[in-house]
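Hello,

Here is the structure we talked about handing over. Please open it first, then read the notes below.

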Amino acid sequence: MKLTLKIWRQKSAQTAGAFVSYPVEANEHMSFLEMLDVLNESLVEKREEPVAFDHDCREGICGTCDLVINGRPHGPLPGTTTCQLHMRHFKDGETITIEPYRAKAFPVVKDLVVDRSAFDRVIQAGGFISVNTGQAPDGNAIPIEKDIAAQSFDAAACIGCGACVAACPNGSAMLFTSAKVSHLALLPQGKVEHNRRVINMVHQMDKEGFGFCSNIKACEVECPKEISTVNIARMNREYYSAMIGSTEK
Amino acid sequence: MKLDAKIPAGSLEDKWRKYRSTMNLVAPNNKRRIEIIVVGTGLAGASAAASLGELGYHVKAFTFHDSPRRAHSIAAQGGINAAKNYQNDGDSVYRLFYDTIKGGDYRSREANVYRLAEVSADIIDQCVAQGVPFAREYGGLLENRSFGGVQVSRTFYARGQTGQQLLIGAYQALSRQVSLGTVELYNRHEMLDLVVMDGKARGIIARNLLTGKLERHAAHAVILATGGYGNVYYLSTNAMNCNVTAAWRAVHRGALMANPCFTQIHPTCIPVSGSYQSKLTLMSESLRNDGRVWVPKNTADVEAIREGKRSPVDIKEEDRDYYLERRYPAFGNLVPRDVASRAAKQVCDDGFGVNRSGLAVYLDFASAIERYGKSQAHQQGLDTNDQALVRQLGEKVVEQKYGNLFEMYEKITGTNPYKSPMMIYPAVHYTMGGLWVDYNLETNIPGLFALGECNFSDHGANRLGASALMQGLADGYFVIPYTIGQFLSGEIRTPSIKTDAPEFAAAEKATRERLEKLMSIGGSRSVESFHRELGKIMWDYCGMSRNAEGLKTAREKIQALRKEYWQDVFVPGSMDDFNPELEKAARVADFMELGEMMILDALDRNESCGGHFREEYQTPEGEALRDDKNYAYVSVWDWNGEGEPQLHKEELKFENVELKTRSYK
Ligand SMILES: Cc1cc2nc3c(=O)[nH]c(=O)nc-3n(C[C@H](O)[C@H](O)[C@H](O)COP(=O)(O)OP(=O)(O)OC[C@H]3O[C@@H](n4cnc5c(N)ncnc54)[C@H](O)[C@@H]3O)c2cc1C
Ligand code: SF4
Ligand code: FES
C-alpha cells in the first residue's frame, strides 16, 4: 500500500516545528511503528535525519510509544497502543497525520518525542505504599476478595503512556492519577495512607501544570488500557473526604 | 587467573543464613556518606536502588528510559516462582532448588541457586505488601499455576501482566525513596563507560540522551542491573532498546563474561511474518498449561494448510501429531523451553511446519475450551452435551485466564485464537550468560556488582519459566542489600570520590572519541542494516543448534562485518543533541564484539546442554548429550582488548545433587 505521511518535525523544544510530507510504501501486516521504521531507513539512506519517536516493548505494555495519529492519541482503534496498531486498519492511498502529544506538562523533546517525567513526579508525590523491604507479613496473611483484587488490577493496568492527557482539551492527568489512587486505595495494604496519598498526588498534578477535569471523558475513550473514569469519581471522593479530615493546608 | 566464587562454608541449608548473620555491616552514620550508583531500573535495579535507599545509602539510579517504569521487565507475562507451597502439592525450598539446577542442565552453582529458592517466598510477601494485585482465589488467598519443567504449582501471577505489576511495585518503592531524597533518579541517561580507580569501580560516564552531554558520576560502588543481550540476534522477544553496552563497557575495563553462549530460545512466539519485522512477540509459557502443541501427521495436510486449502480445525484428531505429548509423556506440553523449542525445530526441519515459510507449529486450545466448558456446565447444572453452550462457557474461562494474550495474538496476526489454533515458533528470549559474579554478586572488579539478567548467576544452561523475575527481585531486594556490605564495610574511610580524577577524564575522553568516530565514518549503510545482518549470522550459526564448522564460519563473518561497520556505517544527526541513531550505533558496535565472544564460547563447549545444542553431541533420539567429565565448568571469558579472548574456568562442584541425564520422558 502507498501512503502519504504528514509528520510533525521539530528540532527541539526551543525551535518551531512544522509538518513535512513523506511518501511511504507499506504492507498491511506491518505494525504502525514498523511502517515508520521503513520510512526512517529510507531517510537514512538519503542521508536525512530520521523521524524521532519513542518506543520500546512494541507489545502494548511499556507505555513508551505515544503518537497522535490522525488527531487521536494511539490512533483509531479502541484499547490499542500505537505499537499494537497494524497497517491493515488503514487504506491504500491514505494520508496519515502524525504528531506528538500536545500538552503543557509534556514539552516536546524532538519531532514526535515528548518529556513525560511529570508523571514520575506525580507518583513520587505519593503513588506508593510505605513499606520497606523485609517488613512484609506473609502474602496470605490478609485475604483480599477476588473482585476487589480485580478492580484494583483494572486500575493498576495503566501503562503511564499519557494518552489521557493528550486527549483532554484541558491537558488533565486525572485519569492517570486516579488510576494509581484507585489501584492502591482499593487494597487493604494501601488503605492505611490513602488520605495523605491522594492529597499529595493531586497537589503535585496541579504543580506540574496539568489542567482541571471538566468531565469530557475523552481520556477514557483514548486510553489504550480502557481505564474507566469511575476512577476519577473515586479519586474526587477520596480527595474531598481527605481534605475535610486533613490538617494540611 | 583464580576465580573465587566466595561460597560460604557450611551445609547447603545453612550457608546463606549463617553468612548473612556474620557479614560485615556498615553503620547507619557511615551509610549516609556512602554513595552507590545503580545502573538500570528494571526489576533488579529498581528493587536494589529502593532497598539500598531504605537502608540509608546515598543512591544514584540511572536508566536510558524516560521512566523506570518502561524497563523491559514490564513485558514479562507469565509469572514468578516461589517455594510457598500454598497449594500443598509437595513444594519446598529444596524442590525449587532442585528443579532449577536440573532445569539448568547442571551448569549452575548449587549455593547460589539454593539461596534463590530460599528467598523466593519473601519476594511474594514483599510484593503483596507493596500492592501488587496477584491473582486470587474466591477465598481471597493467592492463586498459583504451573510452568514448564516442574510438576508443582508454584507460579504466582497477575493476569498476563506479572512483570508489569511487579515492576510497578518496585518502581513505586523506588519513587518513594526518590521523594525521601535517598535516591537521585537520572532518566534518559545512558552509561557509556565504567570508571575504575586503583582497581575498584568508582563511577561511570553517562550520556544525557536529551542534550548529548557526557557526564561524570562517582560513587563508592557501582551496580549494573542492565538486563540481557538477546537483541544481539536482532530479532528477539526483548524490547527494542535492550542492549549489552553497560556490561560490555565493563568488560572492556576488565570484567569477565560467563557462559556468553547460553541463550534461551522460547518455544511459543508469534512466527516471523516479513523482512521488515522489528521484533518478535512472546506468547506466554503459561499457555502451555492449557494449550496442546501439534503439527499434522501427513505431508498432504501440511501442503493443503500452507496453500490455504485446509484449515487446522478440519484436521482429524488421529491425523495430528501431538509430538511433545508423544515424546515426553511425563511432562507433555510442559517440558522445559529448550526441549520444546528443539522439538518444534525438528518437526519443522522435517517438513511439517504449518505456515508458508514452514516455520510454525500449532498451539491449540480446543481441548481446554471443551474441558473447562463441560466443567462449567456441570457446575451450573446445564446440559454438558450442548456443544455450542460448552464452547461458549469454555471460551469464557480461557478468556479469564489468558484474555490479554489472546487479544494480543489477534491484534498482531489478525486471526482469532479462540476459533483456530495459534501458530507459534521459537524465538530468542533470554540470555543465561552474563557478567561473571561471585556469591556476593560482585564481579571480578572489586566494587562492581551485577544483578538480574545481566549476570550469569542462577540459571545454568537453561532458565525455567517464571524464574527471571524471581532472580531479579531476589538479587535486588534480598541479596545485594546484605552482600554489598562486604565490600562497603572496607570503604567507610574512603572520602567521596572526585570526578576530577584523571581516570574520569580519561574515560570521558575515550567515550567522546568513540562517539566522534561513529559520527565521522559517514559511510553508506544504516546501523539497522548492520544489526540485521549480525542477527542473521548469530541466528543461523549460533542459534537453536550449532556445530563447530558453522561457528568457525560465523566468526569470520562477524569479524568481517565488524570491520565493515567501522568503515561504512552512516550515523545521521549530531552528537550534541537527542539522537536515537547514535545511541543505536554505539550499542550495535558492542553487539558485534559480544557476538564473537558468544561464538567462541559455543565453539569451546564440546557438549550439548540446555539451550546450547551442538549437533555433534546428541543421543540417537536427538536429545542433548552432556559431558560432565570435561565441561562441568562455567566458561569465564576475558575479552582481552585487541588480542585473542582468553578463557578461564570455574569448576562447578555438585555436593548435594547427583548429575543425571535430564529426562522429561
Ligand atoms: C516478553 C518477555 C516475557 C517474559 N516473561 C517472563 C515471565 O513470565 N517470568 C519470568 O520470570 N521472566 C520473564 N521474562 C524474563 C524477564 O522479564 C527478564 O529477564 C527480567 O525482567 C530482566 O530484568 P532486569 O531487571 O535484569 O533487566 P531489565 O528489566 O531489562 O532492565 C534493564 C534496565 O537497565 C537499563 N539500562 C540498560 N543499559 C543501560 C545503560 N547503558 N545505561 C543506563 N541504563 C541502562 C534500562 O533502562 C532498564 O532500566 C520475560 C522476558 C520477555 C522478553
Ligand atoms: S490512564 Fe490510560 S491513557 Fe492515561 S496514562 Fe494510563 S494507560 Fe495511558
Ligand atoms: S512500545 Fe511499549 S507500549 Fe508501545
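Keep in mind throughout that the model is predicted.

**Salt bridges within chain B**

B:Arg107 pairs with B:Asp628 in a salt bridge, and their closest N and O atoms are 2.9 Å apart. The two ends come from distant parts of the chain, 521 residues apart. B:Asp628 belongs to helix α18 (residues 628–631) of chain B, while B:Arg107 sits in the loop between α4 and α5 (110–130). B:Asp628 has 26% relative accessibility, so it counts as partly exposed.

Another pair in this chain is B:Glu285 with B:Arg288, at 3.0 Å from N to O. B:Glu285 is buried, with a relative accessible area of 2%. B:Arg288 is buried too, with a relative accessible area of 2%. Shared partners also build a network of salt bridges: B:Asp105, B:Arg107, B:Asp338, B:Arg605, B:Glu607, B:Arg626, B:Asp628 and B:Arg662 are joined in it. Over all chains, the search finds 71 salt bridges.

**A salt bridge within chain A**

In chain A, look at A:Arg116 and A:Asp66. Their side chains meet in a salt bridge of 3.3 Å, N to O. A:Arg116 lies in the loop between β7 and α2, and A:Asp66 in the loop between α1 and β3, so the pair ties together parts that are 50 residues apart in sequence. Both residues are buried.

**Where the chains meet**

The contact between the chains takes 74 residues of chain A and 78 residues of chain B. About 6200 Å² is buried between them, and carbon and sulfur atoms give 51% of that area. Nine salt bridges cross this interface. One of them joins A:Asp154 to B:Arg159, at 2.9 Å from N to O. There are also 47 residue pairs in polar contact between chain A and chain B.

Which elements of chain A supply at least two residues each to the side that touches chain B? They are α1, β6 (108–110), β7 (113–114), α2 (117–124), α3 (146–156) and α5 (174–185). The most comes from α3(A), with seven residues. By class, this side of chain A divides into 31 nonpolar, 23 polar and 20 charged residues.

**Two domains in chain A**

The area buried between them is about 1300 Å², with 61% from carbon and sulfur atoms. On the domain 1 side, A:Pro73, A:Ala105 and A:Phe106 lose the most area, together 33% of what that side buries.

One salt bridge is found across this interface. A:Arg72 and A:Glu222 form a salt bridge, with their closest N and O atoms 3.0 Å apart. Four residue pairs are in polar contact between the two domains.

**Backbone points to check**

Most residues other than glycine have a negative phi. A:Arg47 has a positive phi of about 65°. This residue is found in the loop between α1 (32–45) and β3 (68–69) of chain A. At 45% relative accessibility, A:Arg47 is partly exposed. B:Asn85 also has a positive phi, near 55°. B:Asn85 is in the loop between β3 (80–81) and α4 (93–103) of chain B. With a relative accessible area of 29%, B:Asn85 is partly exposed.

Best wishes

Methods
Residues are numbered from 1 along each chain as its sequence is written. Chains are lettered from A and ligands numbered from 1 in the order in which they are written. This is a predicted model: local features need pLDDT of at least 70, side-chain atom pairs count only at pLDDT 80 or more; totals for chains, interfaces and linings use all residues. Side-chain values use heavy atoms; hydrogens and water are left out. Helices (H or I, at least four residues) and strands (E, at least two) are DSSP runs, numbered from the N terminus. Buried means under 20% relative accessible area, exposed over 50%, partly exposed in between (1.4 Å probe, protein chains only). Buried area is the accessible area (1.4 Å probe) that two parts lose on being put together, summed over both. A salt bridge is a side-chain nitrogen of Lys or Arg within 4 Å of a carboxyl oxygen of Asp or Glu. A polar contact is a pair of N or O atoms within 3.5 Å; within protein, one must be able to donate a hydrogen and the other to accept it, and residues adjacent in sequence count only if both atoms are side-chain atoms. Contact means heavy atoms within 4.5 Å. Ala, Val, Leu, Ile, Met, Phe, Trp, Tyr, Cys and Pro count as nonpolar, Asp, Glu, Lys and Arg as charged, and the others, Gly among them, as polar.
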